[in-house]
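Please look at the sequence and the structure shown here before reading on.

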Amino acid sequence: MSFRTIPSIVAAGVFAVGLAFGAAGPHVVAQDTLTPEAAVAARIAVMKSNGATLRSAGGLTGDAAVAAMTTLSNNFAQYPTLFAEGLTTPDSEALPLIWEDWAGFIAIVDGAKAAADAGIAAAQSGDTAAYMQAVQQIGQACGSCHGKYRS
Ligand code: HEC
């Protein structure tokens, strides 16, 4: 290996860590390597990304709005994996009701993802009213899930 290849390897490593633990980007986790501890850490990272993204989403337009909605859609797409049965720890705030009422939990996830996907389309077409409606629906999904499934 020449010394010239080292910086790009380091950069790739930093990028991978950023994907797993960054505050605002989408988070991609391989299902077959998930321990309960890793799943709880990953979903907290995803939730923090949700919070950071949603906080600014209402003021965005154009490509930035598309990017924010895409981050949220990708985050919601990972919930079924990150909340799979058995993936919890004593410190987790996830209530057992999630696994007793999996269909109800997933219905909220699917609704949130559908709202984010509608937000992508609205941002792409410049439909501000539809975009703001999507942002509002996502915020309601956060609240209704937390109210029921989080301690
Ligand atoms: C379908 C259910 C569901 C939806 C939708 C959801 N969350 Fe969560 N959220 C949870 C659960 C469950 C936890 C607790 C996770 C744990 O401790 O294992 C949590 C935890 C959190 C936390 C605390 C993370 C920490 O530091 O411990 C934040 C912040 C958060 N969510 C933000 C959001 C935001 C913002 C949205 C919407 C954009 C959202 N969540 C959507 C279920 C949901």
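## A loop residue and its surroundings

G59 counts as exposed because 10 other C-beta atoms lie within 10 Å, where the rule is that a residue is buried if 20 or more other C-beta atoms lie within 10 Å of its own, exposed if 12 or fewer, and partly exposed in between, with C-beta atoms placed from the backbone. This is a predicted model, in which local features need pLDDT of at least 70 and side-chain atom pairs count only at pLDDT 80 or more, while totals for chains, interfaces and linings use all residues. Residues are numbered from 1 along each chain as its sequence is written.

G59 is located in the loop between α2 and α3. Helices (H or I, at least four residues) and strands (E, at least two) are DSSP runs, numbered from the N terminus. Although G59 and M132 are 73 residues apart along the chain, their C-alpha atoms are separated by 9.2 Å.

A107, which belongs to helix α6, is partly exposed because it has 13 other C-beta atoms within 10 Å. Between A107 and A141 there are 34 residues in sequence and 10.0 Å in space, taken from C-alpha to C-alpha.

The protein chain as a whole has seven helices and zero strands, and of its 151 residues 24% count as buried. Two residues are in contact if their C-beta atoms, placed from the backbone, lie within 7 Å; among contacts in the protein chain between residues at least 6 apart in sequence, 71% join residues at least 24 apart.

## Two helix pairs

The table sets out two pairs of helices; axes are lines fitted to C-alpha atoms, for helices over the stretch in contact, and angles run from 0 to 180 degrees between N-to-C directions.

| Pair | Angle | Axes |
|---|---|---|
| α6 and α7 | about 165° | 8 Å apart |
| α2 and α3 (residues 62-77) | roughly 155° | within 10 Å |

With that angle, α2 is therefore roughly antiparallel to α3, since angles under 35 degrees count as roughly parallel, over 145 as roughly antiparallel, 65 to 115 as roughly perpendicular and the rest as oblique. The crossing of α2 and α3 is left-handed, a word used if the near helix is turned anticlockwise from the far one by less than a right angle, and right-handed if clockwise. On the α2 side the contact is made by V46, S49, N50, T53, L54 and A57, and on the α3 side by A68, T71, L72 and N75. These residues divide into five nonpolar, five polar and no charged, where Ala, Val, Leu, Ile, Met, Phe, Trp, Tyr, Cys and Pro count as nonpolar, Asp, Glu, Lys and Arg as charged, and the others, Gly among them, as polar.

For the other pair, α6 and α7 are likewise roughly antiparallel to each other, and their crossing is left-handed. The contact includes F105, I108 and G111 of α6, together with A130, Y131 and A134 of α7. By class, the contact of α6 with α7 has 16 nonpolar, four polar and no charged residues.

## The shell around the ligand

How many residues surround the ligand, and which are the closest? There are 24, and the closest are M47, N50, S92, C142 and C145; a residue is near a molecule if its C-beta atom, placed from the backbone, lies within 6 Å of it. The elements that give two or more residues to this shell are α2 (36-57), α6 (102-125) and α7 (128-149), and α2 gives the most, with eight residues. By class, the shell has 16 nonpolar, four polar and four charged residues.
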